[in-house]
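Colleague: I have not seen this one before. Can you walk me through it?
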Amino acid sequence: MTQTVLAADFGGTHLRAGLVTADGAVISRLDHATPENATPAEIVRDVTNLLVRAARAATPPPVAACIATAGLINAEAGMVIFAPNIPGFRNLVLTTPLAAELGIPAFIENDASAAALGEFRFGAGRGCRDLLHATLGTGIGGGLVIEGRLYRGSRGLAGEIGHMIIDPSGARCRCGSRGCLEAMVSGVAFANRARILLDAGKSEVLREIVGYGEPTAAALHRAAQVGDTLCEAEIRHGGHLLGLALGGLVNVLDPDAVTLSGGLLAMGDMLLDPMRQAMHSLAYGAAAGTPVKLSTLGDDGGLLGAAAVAFERLEGR
Ligand SMILES: [Zn+2]
């Protein structure tokens, strides 16, 4: 029988979990809405119960479990230090109750770091030794695989590329700084740019698309697709800034490839062409040829990332 791990992708509102084989096949999955207005202790109990049920239903039982979640994670201690999307989640140990209930090793990892290892093991980063992965969604995350292993840094915080400052006079970031990559190029940043265009009365097309709703990155993209040049310029400028950030990182890390995942990829070449151009023009020497690859894992990226971490930890790495 095939060995599996129990992988979970834990977000602000949903827990997705599944059993994953060492080849990256997801052989069962579940999607569960986490309880609203629950205390952190209740959420931990809910998550633990669900994963225990999933593990007990499996034959053969999984050999390890891993939860990937956004935020500052101390992987060694199995602790969520701070989770921006889950109110009250501070300095909580998630893995101990899970390991005790399941009787198997349980791990936790930052979701972007897990995504990097998922691409490295199962996706667009296969065959690489050194990999830089960026998650381009509501926020911006990053993960590093160096010499074939997930690189966590001295405090487990490595890969926070969203908080590199790319414009000191740029937009305010939720971290308190100004002009962080995430404050300039992300789902939230593009929605803010759309709001500014609307408030200035500069885009009738965008106004029509948004109607009485809230502006979003998707609405900005739709307006650009139907020919609104200001909306398109916003997206292209965002791509340019993203390329500057990635080009700088390529110069530092010299990875085999840069892999990308996340909802902003729906913007396609409007975002990615200026990004590639800026990245390659900035990268130094041979690094200018660093390939950019798009995730091949789709919606399973979160699960496969958590699974990749579980397998790496089981291998003692
Ligand atoms: Zn920031």
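Predicted model: local features only at pLDDT ≥ 70, side-chain atom pairs only at ≥ 80, totals over all residues.

Colleague: What is the radius of gyration, and what would a compact globule have?
Modeller: The chain has 20 Å. A compact globule of 317 residues would have a value near 20 Å, so the two agree. Along the principal axes, the C-alpha atoms fill a box of roughly 60 × 50 × 35 Å.

Colleague: How many helices and strands are there?
Modeller: There are 10 helices and 13 strands in the chain. Five of the strands make an open sheet with mixed pairing, in the order E11-E10-E9-E12-E13.

Colleague: Which strands stand at the edges?
Modeller: Strand E11 (149-150) and strand E13 (292-294). Each has a single partner strand, so one side of each has no neighbour in the sheet.

Colleague: What about E12, in which sense does it pair with E9?
Modeller: Strand E9 (residues 131-136) and strand E12 (residues 257-261) are parallel, with five bridges. Leu-131 is opposite Ala-257 in E12, and Ala-134 is opposite Leu-260. E12 also pairs with E13 in the parallel sense, over three bridges. There, Leu-260 has Leu-294 of E13 as its bridge partner.

Colleague: Is E12 buried or exposed?
Modeller: Buried: five of its five residues are, so E12 is largely enclosed by the rest of the structure. Ala-257, Thr-259 and Ser-261 point one way from the strand, while Val-258 and Leu-260 point the other way.

Colleague: Which helix lies across E9, E10, E11 and E12?
Modeller: That is helix H3 (residues 111-122). H3 runs at about 50 degrees to strand E10 (140-146). Helix H9 (residues 269-282) also packs on the sheet, where it touches E12 and E13. The direction of H9 makes about 150 degrees with that of E13.

Colleague: Last one: what share of the contacts with a separation of 6 or more is between residues 24 or more positions apart?
Modeller: Those residues account for 60% of such contacts in the chain.

Conventions:
Residues numbered from 1 in each chain as written. Heavy atoms only, no water. Pairing = 2+ DSSP bridges. Helix = DSSP H or I, 4+ residues; strand = E, 2+ residues; numbered from the N terminus. Contact = heavy atoms within 4.5 Å. Axes fitted to C-alpha atoms, helices over the stretch in contact; angles between N-to-C directions. Rg over C-alpha atoms; globule rule 2.2 N^0.38 Å. Buried < 20%, exposed > 50% of the residue type's maximum accessible area, 1.4 Å probe, protein only.
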